[in-house]
Amino acid sequence: MDKQMTETLEAIYEKCVANEDNIITVLQEIQNEFGYVQEEVVNWFAERSNIPASQYYGVITFYSQFHQNPRGKNIVTVCCGTVCHVKGAPRIIAKARDDLKLKDGQDTTKDMQFTMERVNCVGACSIAPVVLVNDKVFGKVTPSKIVKSLKQYKE
Ligand code: FES
């Protein structure tokens, strides 16, 4: 870990101690700073705070808001709830993955432009199947529509 990173972590640590923040807030600070919560950072915090790393990981794995790997600039979230599934979510996922050239087991594009995620019902079943790109909601998505939608996010 380089000096600048250590200083950044120390600043987060001092701020969180001063505010008497809990682990969730600490992890949010870390994620805001680095985009995800990497292992070496958890280990650093565990040692610095005298809280076992397992407690940090307990929180990281419980809350879906925390990410342990770097994510792309654009987050493509496909709803895989029952209604969206029945209305074609699997075909949309296959088409989007193909369009983004994602290999099996890979969710983030090589150029770090896109990360694909799946969620359960996002509460918009009336416009199923639903895909979110970042904060924008796309309803009644088809395989060809998802390709068009993704195009506007490509650089
Ligand atoms: S199942 Fe997709 S919005 Fe409800």
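Lys3 is exposed, with a relative accessible area of 65% (exposed means over 50%, buried under 20%, and partly exposed in between, using a 1.4 Å probe and protein chains only). Its partner in a salt bridge is Glu7, with the closest N and O atoms 3.5 Å apart (a salt bridge is a side-chain nitrogen of Lys or Arg within 4 Å of a carboxyl oxygen of Asp or Glu). Keep in mind that this is a predicted model, where local features need pLDDT of at least 70 and side-chain atom pairs count only at pLDDT 80 or more, while totals for chains, interfaces and linings use all residues. Residues are numbered from 1 along each chain as its sequence is written, and side-chain values use heavy atoms, with hydrogens and water left out.

**Overall layout**

- The chain has seven helices and four strands (both are DSSP runs numbered from the N terminus: helices are H or I with at least four residues, strands are E with at least two).
- Read along the sequence, the order is α-α-α-α-β-α-α-β-β-β-α.
- There are two domains, domain 1 covering 3-62 and domain 2 covering 74-150 (the bounds come from an automatic or database domain assignment).
- The C-alpha centres of domain 1 and domain 2 sit 31 Å apart.
- Along the principal axes, the C-alpha atoms fill a box of roughly 50 × 30 × 25 Å.
- Of the chain's 155 residues, 40% count as buried.
- Take the contacts between residues at least 6 apart in sequence, and 61% of them join residues at least 24 apart (contact means heavy atoms within 4.5 Å).

**Salt bridges**

- The structure holds seven salt bridges.
- Side chains of opposite charge can pair when their charged atoms come close.
- Back to Lys3 and Glu7: these two are four residues apart in helix H1 (residues 3-18), which means about one helical turn separates them.
- Glu7 is partly exposed, at a relative accessible area of 45%.
- Glu29 forms a salt bridge with Lys15, and their closest N and O atoms are 2.9 Å apart. This pair links distant parts of the chain, with Glu29 in helix H2 (residues 23-34) and Lys15 in helix H1, 14 residues apart.
- Both partners are partly exposed: Glu29 has a relative accessible area of 21%, and Lys15 has 41%.
- Glu117 forms a salt bridge with Arg71, the closest N and O atoms being 2.7 Å apart. Here too the pair links distant parts of the chain, with Glu117 in strand E2 and Arg71 in the loop between helix H4 (53-62) and E1, 46 residues apart.
- Glu117 is partly exposed at 23% relative accessible area, and Arg71 is partly exposed at 27%.
- Glu10, Glu14 and Arg48 are joined in a network of salt bridges.

**Helix H3**

- Helix H3 (residues 39-49) has Val41, Val42, Trp44, Phe45, Ala46 and Ser49 as its buried residues.
- H1, H2 and H4 are among the elements that cover those buried residues of H3.
- Just after H3, Asn50 takes a positive phi of about 60 degrees.

**Arg97 in helix H6**

- Arg97 lies in helix H6 (residues 89-99) and is buried, with a relative accessible area of 13%.
- A polar atom of the Arg97 side chain lies 2.7 Å from the backbone oxygen of Gln106.
- Leaving out residues up to four places away in sequence, Arg97 touches Leu102, Lys103, Asp104, Gly105, Gln106, Asp107, Met116 and Arg118.

**Helix H7**

- In helix H7 (residues 143-151), the buried residues are Ile146, Ser149 and Leu150. They cover an arc of only 95 degrees around the axis, so they end up on the same side of H7 (the arc is that of the directions from the helix axis to the C-beta atoms).
- The face of H7 turned away from the buried side carries the exposed residues Ser144, Lys148 and Lys151.
- The buried residues of H7 pack against strand E1 (74-79), H6, strand E2 (114-119), strand E3 (131-133) and strand E4 (136-138).

**Cysteines**

- The structure holds zero disulfides (a disulfide is a pair of cysteine sulfur atoms within 2.5 Å).
- Cys16 is buried, at 5% relative accessible area, whereas Cys121 counts as partly exposed at 45%.

Methods: A polar contact is a pair of N or O atoms within 3.5 Å; within protein, one must be able to donate a hydrogen and the other to accept it, and residues adjacent in sequence count only if both atoms are side-chain atoms.
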